[in-house]
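Here is a friendly briefing to read alongside the model. It goes from backbone details to helix packing and then to domains.

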Amino acid sequence: MEHCHSKTGRFPGLKTWSGTQSRGKTPNVHFMNQIALVGTPNVGKSVIFNLLTGARATVSNYPGTTVEVSRGKSSSGRTVLGVVDTPGMYSLMPITEEERVTRRLLLEERPGVVLHVVDAKNLERMLNLTLQLIEAGFPVVLVVNMIDEARRLGINIDFRKLEALLGVPVVATSAVYRLGLDRLREVVAGYRLHTKRQAESQDAPRHLVVYTPEIEKNILKIEQLLSNNYGLTKRAVALLLLQGDREIHELVAKRDTANYDRINELVAGLQASGQESLNFVIGKRRQDRVSKLCRQVVTEWPQHRLSWGERISRLTMQPLTGIPILLLVLYFGLYRFVGVFGAGTLVDYLETGYETVVNPLINSLVTSYVPWPAVQSLLAKDYGVLTLALRYAIAIVLPIVGTFFLVFSVIEDSGYLPRLAMLVDRVFKWVGLSGRAVIPMTLGFGCDTMATMVTRTLESPRERVIATLLLALAIPCSAQLGVILAVLSGRPKAMAVWVGFILLVFILVGFLTARLIPGEPSGFYMELPPMRWPRWQNVLMKTYTRMQWYFVEVLPLFILASVLIWFGELTGVFQFLIAVLTPLVKWLGLPAQTAQVFLFGFFRRDYGAAGLFDLYRSGGLTGTQLVVASATLTLFVPCIAQFTMMIKERGVKTAAAIASFIFPFAFLSGYLLYRLILFLGVSL
Amino acid sequence: MPVNVVTLTKMEVGQHGRIFSLTHSNPDKVRKLLALGLYPGLPIRLLQKFPSYVIQVGHTQLAVDTETAQSIEVAKEPGAGAACSRHRYRHGWWRRWLNHRDSFSSE
């Protein structure tokens, strides 16, 4: 999903490029043999992409998981085709950034075949886009996916008839059960033949949707005024102009400058003549056509029994039962599995093994074979690449992050997250977010860097900034969380104080920023896909790709941090920084060694957390100190990786503003917490 | 506006209807709903009102917030459909009891 390189990493030389970087750049691929997968979110585009290419895109039961465009290759027989998976789009007229990315791709690359993937259960809601794509002159193949689920619901579709009515090839598939894929490959391979035959049989193009006479008249007039090629049929361009598509208006103003004023007059004139917006009238007309089509091809036997998935779904959405279910998920998934099992049992086991077996071995090998003390301390000893960086990565971070991603994948695949989104939407509104932000926020508990990238799925720039800030400030990543849970697990009171404090900061800061940042709060609307049993192949694959992404991201930084610390030690910079931090740390009532932990934390959040764990193991901290250190460390630093991602996603200015708020704020609130605990005289 | 047209917020849980129109001062919001596939004429059923509105359109369920729900106008479908579905969605013994009482009072 969020990570392109892992998706197509098995295909060397393939270009992957993220949505935000794509502007104005056209990747170097053969245009003629390109297949593009388009469709609304959560219809199985990524599954089909994987099956066609053999790649591993993250597939999930959550609308909008494909954030970036991913590319792969498919070979059938002798021909090799490029395949592009696009983020979900609802309509040809884009609203979100992802939709814009998809449309730009369609216009600029002119794929040889456009596979419109739709959900068989919801043809009436899906065919609208098909009509738009056909209207726009794209070489469409309609892929009716999830026929298995539709059959189970008693829905029957006459595919032959649908094909005849639409005039494009229609293929029925059930991608998760790998049905219909062979036929899909055949249709794609024979597509050029098909279109040629079509072109021969019809001289004048026949319009699938005929609009009101007034609109049709204006379409004709506008068509005559357009002289340039926009990668769409003139009819489609005219319709988009009438619908008020800003991007197309700008494009036409640029390319058909001479006629643009006249076109604009026509659009404005037509808009003024009717009561309802043109976009609405055009959309409704198309939908009427779709409904008529569906009446002709779909037969349904109503089912009266509520399925188990549906029953569970209802339970998760009612606050009375939903909140206890959420707490159970958090307790067993996060606390028992990630906290106690991952960060406790597994870490203990691996740490002991590493420290008793691997480290002494490395130390003795390095001291006996490497004569230079400087290089010795680079590789081994206290801060060595092999003894510290690898140990943190393998023995502390790997088990925690692994268990988290496993739980997350199970939850994601079941379809629980959208239900959680609707449950918390009201609460999230207080902090300036919408229920949609549940995904990045939950993912943040795994890795804030990854989550920052996923904030892209949020609708307004305002919401994205708030989410980025809250992720950087108040969402501990899984390594931090795991270590903190392990460190505080023996002290329920300390744990409660830490949870309460972070929650308070989250709500307070969110509440204030929501009022400070201008702009309207975004509305909430979300599709709720059916609840289903998580498929273990899916879960394992997702866990694997996320872990892979994480390690590609993390390990170099661990090593870099080790090298930087070594360099800092050698030159005295490190000691200087610690000397600067020490009074700050003492101000918080913490022992001087924590300064080092805080400094580590900047290199990576989890690095700092691991340092805290070391300190705790040596028994040098009291209950109060543990709470203050945990709280400050949670709030403090977005790590280098997250900070880099913040710059990439939000720009330097916003990232710098967020960071310069967080640094003093973390220490100040740590201090306040410390004073408060002292003042109240609680022993933790 | 016809008599049986109400905003989604004024519907009862379990009621059926057809989307009548989408009204919102901000045309962008209307566009979003259209893009989601909420077109006038589609059959719709209200499943839940709190904490968010949950509607069933065809075989898909959508969750929307109050503000969005206010901009969806629905032509209610009276009669058997609504009553029947209400029965289905009021599950649990207390719901059954309520339904039972309802049916008495209407007679």
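R110(A) sits in the loop that links α3 and β4 (113–119) of chain A; helices (H or I, at least four residues) and strands (E, at least two) are DSSP runs numbered from the N terminus. This is a predicted model, in which local features need pLDDT of at least 70, side-chain atom pairs count only at pLDDT 80 or more, and totals for chains, interfaces and linings use all residues. Residues are numbered from 1 along each chain as its sequence is written, while chains are lettered from A and ligands numbered from 1 in the order in which they are written.

**Backbone details**

- R110(A) is not a glycine, yet it has a positive phi of about 45°.
- R110(A) counts as partly exposed because it has 15 C-beta neighbours inside 10 Å; a residue is buried with 20 or more other C-beta atoms within 10 Å of its own, exposed with 12 or fewer, and partly exposed in between, with C-beta atoms placed from the backbone.
- M146(A), also not a glycine, has a positive phi of about 60°, and its place is the loop between β5 (140–145) and α5 (147–152) of chain A.
- With 25 other C-beta atoms within 10 Å, M146(A) is buried.
- In chain B, the peptide bond from F50(B) to P51(B) is cis, with omega near 0°.
- P51(B) belongs to the loop between β3 (43–48) and β4 (53–57) of chain B.

**Helix packing**

- Helix α29 (residues 640–650) and helix α30 (residues 652–680) of chain A pack at an angle of about 140°, and their axes are 7 Å apart; axes are lines fitted to C-alpha atoms, for helices over the stretch in contact, and angles run from 0 to 180 degrees between N-to-C directions.
- That angle makes α29(A) oblique to α30(A) (under 35 degrees is roughly parallel, over 145 roughly antiparallel, 65 to 115 roughly perpendicular, and the rest oblique).
- From α29(A), F643(A), M646(A), I647(A) and R650(A) meet V652(A), T654(A), A655(A), I658(A) and A659(A) of α30(A); contact requires C-beta atoms, placed from the backbone, within 7 Å.
- The residues of this contact divide into seven nonpolar, one polar and one charged (Ala, Val, Leu, Ile, Met, Phe, Trp, Tyr, Cys and Pro count as nonpolar, Asp, Glu, Lys and Arg as charged, and the others, Gly among them, as polar).

**Domains**

- Chain A is assigned domain 1 (4–201), domain 2 (213–300) and domain 3 (317–680), with bounds from an automatic or database domain assignment.
- The contact between domain 1 and domain 2 of chain A takes 20 residues from domain 1 and 22 residues from domain 2.

Technical notes:
Contact = placed C-beta atoms within 7 Å.
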